[in-house]
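Morning, everyone. Please look at the model on the screen while I talk.

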Amino acid sequence: MPTNEKLVANPDTKSATDELDEKQKERRGSRNLTILGIVSTGIAILTTAVSLIIYHNSGDIYLDRSRPGYLPDKSEVQVQAESSYEFSVTGPLTKEVLDEYIKHFEEELNVIDDLEKPFSEEPLSDKSFGIPEPKAEEPAESPAEEQPYYWWY
Amino acid sequence: MVYNICMLRKATLLSAITATVAFVLLLGVVPVSADSTILDNDQIGAISQNCATIKQSLRALQRTDARTRSYLGSAYERMLSDFITPMDLRLINVNQPNATLTTIHSDIIEARQQFVHDYTVYSQKLEELITHDCQNDPQNFYHTLEDTRAKRATLEKSTENIRRLLADHLAVVKKLEQNTGGANAN
């Protein structure tokens, strides 16, 4: 019976095609999954980078850095140590050594003095917030003005 | 009858003590605002109207102050670790300990700790000021502003104190240098 043969033969053919399709689907699926992973990682990196840039440029980073327990990064410490003078604990204490110490100390003092009036009162003044000066109280009328003037007094 | 009178006296005494304790506690809890300024209508109006701008200015100031704190804190730390502490130790190493420098050294450490404390107190007050509703409650906002000003003034004095101590240290070292006069002190 040809119909039966076809029926018998067809399932084998179908199963082979299905297997091929399934394999292709699996490949596509895994490829799509990989793409999804890469894209989402990329988006995460991008958004994190953008938020870090905003965090840095807005100055909010200094709010955290101003905390009492803040410790500088290792890289910052190294840069600082390389660029600045450090007085040695050992060695003789000659005039030349003291001269050099004074010179570098004054340079560091200038670094501090570069900030003109740190934490001055001006930024919190009424004027800076547009708050007007309190109105001067009108002087109370003197009793002499309140009372009528009598020429016979 | 006598028992009742005794009980009444005890109750009166107890309530008097309770009232006194409550009053004392209340004095401690309720802020006394005798020194605070009472605003006139123009000032209240100006605060309410400029509330958004004031908040913006305060946030900008908060960031600037944080930068200043970071800058000064690093500078003070560097002065101590790279100059003042090694100088004291070196003087001890060459058997010439200087009592004045040692005193200034400990004063600077103390002043620096005070600066850190004053900044923390000030920044907390500033944060409180920023979160205060200046549009609907301008009077109390102004009281907080006055408190913040006081804390800022304390902080400013703290920085001035450190600067003065650093100048004192330099003056003593200069004197030491003059006394050394080119001879090897070791």
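Predicted model: local features only at pLDDT ≥ 70, side-chain atom pairs only at ≥ 80, totals over all residues.

Residues are numbered from 1 along each chain as its sequence is written, with chains lettered from A and ligands numbered from 1 in the order in which they are written.

Start with chain B. Helix H3 (residues 51–93) packs with helix H4 (residues 99–131) at an angle of about 165 degrees, and their axes are 11 Å apart. Helices here are DSSP runs of H or I, at least four residues, numbered from the N terminus. Axes are lines fitted to C-alpha atoms over the stretch in contact, and angles run from 0 to 180 degrees between N-to-C directions. So H3(B) is roughly antiparallel to H4(B); that term needs an angle over 145 degrees.

Who meets whom? Among the residues of this contact are Met87(B), Asp88(B) and Leu91(B) in H3(B), and Leu101(B) in H4(B).

Now zoom in on Leu101(B). Buried or partly exposed? Leu101(B) counts as partly exposed, because it has 18 C-beta neighbours inside 10 Å. Buried takes 20 or more, exposed 12 or fewer, and partly exposed lies in between. Leu101(B) also touches His169(B) and Val172(B), among others. Touching means C-beta atoms, placed from the backbone, within 7 Å. Leu101(B) and Val172(B) are 71 residues apart along the chain, yet their C-alpha atoms are separated by 7.0 Å.

Last, the chain contact. It takes 40 residues from chain A and 54 from chain B. On the side of chain A, H4(A) gives the most, with 10 residues.

Methods. Helix = DSSP H or I, 4+ residues; strand = E, 2+ residues; numbered from the N terminus. Parallel < 35°, antiparallel > 145°, perpendicular 65-115°, else oblique. Contact = placed C-beta atoms within 7 Å. Lists of a residue's contacts leave out its neighbours within four places in sequence.
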